[in-house]
Amino acid sequence: MDENFNLSGRDRAFALRLLRETTVWRARLYRARARFCSKPLRDLDGVVLAALRSGAAQLIILRTPSHAAVSATVSALSGHRASGLVNAVLRKLASEGEPDTIEAPLNEIWSHPLSLTDRWVSRFGREKTEKLMEWNNSVPDIGGCIPGLSDNLEKGLYVNNYRILERTGMNPLRSTTDMVYIQDEAAAVIAEVAAELAEGGSVLEIGAAPGGKTHHLQATAHYVISLDSSFSRMHRWLENRARLGWQNSIPVVADGRMMPFKNGFELVFIDAPCTNTGVYRRRCDARWKWSDEYLENSVALQRELLRSAGELVMPGGILIYSTCSLEEEENRLQVESFEENTEFFHRENLSGPDELVRDGMICIFPPDHGIDGLFAAAWRRDQ
């Protein structure tokens, strides 16, 4: 963005924050501006909707002074036939404010899909669900594991060399050494656990791109085969390999359900595609992809990957299954299904901070643990 529009660090930071808040608070912003618009919002073209959402986010979420928010938004629509409508709606919103949220549905207050909100309330209760949704809407830290440590940066909660980087609006890698892989501490937790188990061994990593787990695995393993089904994501993996100097990792683009390998591996790590419900704070658009069908498809794909991956674990080797989901169908129930339908594997307890481990599995719930949601379980293949 700074290259295309020559934005200063401050302006770039504001633009990125505005993009995030319009995505996160989509349902709340829709409710706030709908009553001031003479036409149904669904009948407006995309440019007008984007302008109204952007202006409303500045007024309600970012608390930008009303004259600046309205003026900047309308100016961006200069020459558009609907600029008058946008001006009128935003001025009304600035004058009267958004409707009282006390009686509003929970999914609108916290801007989450209705079916997912109902699901979480049924499982977690209203209070815990609200804390989760509040977490999801908060701005995430930027951090990573930094070689050599740094006492000048805020420490993470669980991983010894994890540090929080300062937000400047610029690429965070320009603020520190290029040897940092930016990731949430939850991803670093499971990656460090897997790297310890992989020491000196042969590793197959499924769902490898863009390289968050590779960065840790390649530091300890004899070699790592990093497999991903996406060419575009693997291109990012290659960029990270060049930047970070990974020496013993080999990229492969293939479908993890149809493995192109004959020989087995001492450790197979599945970073499974999932509904991402544990990382909505960091992947703020992912919530709007939620549906029951999406969950069902994810579960079916995970089951196929587990079956295929299990066949490539050497006798005595380890299989790790991980998601960034909070849903039982993708986590504990998936573990139970694998154990009921697979021979020759027994559960292997994972190490890690005590507060993150339950029944030998890593189970991270964001409001309780202060990092992204993540699940991981492991098995050892019998000799």
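**Helix α3 and its surroundings**

In α3, residues R28, L29, A32 and R33 are buried (under 20% relative accessible area, with a 1.4 Å probe and protein chains only). Seen down the axis of α3, these buried residues fall within an arc of 120 degrees, so they line one face of the helix. The arc is taken from the directions from the helix axis to the C-beta atoms. Helices are DSSP runs (H or I) of at least four residues, numbered from the N terminus. The cover over the buried residues of α3 includes α2 (9-24), α4, α6 (83-96) and α7 (106-109).

The model is predicted; local features need pLDDT of at least 70, and side-chain atom pairs count only at pLDDT 80 or more. Residues are numbered from 1 along each chain, and side-chain values use heavy atoms.

The axes of α3 (residues 26-34) and α4 (residues 46-60) come within 10 Å and cross at roughly 95 degrees. Axes are lines fitted to C-alpha atoms over the stretch in contact, and angles run from 0 to 180 degrees between N-to-C directions. That makes α3 roughly perpendicular to α4 (65 to 115 degrees). On α3, the contact (heavy atoms within 4.5 Å) is made by R26, R28, L29, A32 and R33. On α4, L49, L52, R53, A56, A57 and I60 take part.

The largest nonpolar core has 43 residues. Such a core is a set of buried Ala, Val, Leu, Ile, Met, Phe, Trp, Tyr and Cys residues joined through side-chain atoms within 4.5 Å. L29, L52, I60, V86, L93 and W120 touch the most other members. The largest share of this core, seven residues, comes from α4.

Methods:
Helix = DSSP H or I, 4+ residues; strand = E, 2+ residues; numbered from the N terminus. Parallel < 35°, antiparallel > 145°, perpendicular 65-115°, else oblique. Buried < 20%, exposed > 50% of the residue type's maximum accessible area, 1.4 Å probe, protein only.
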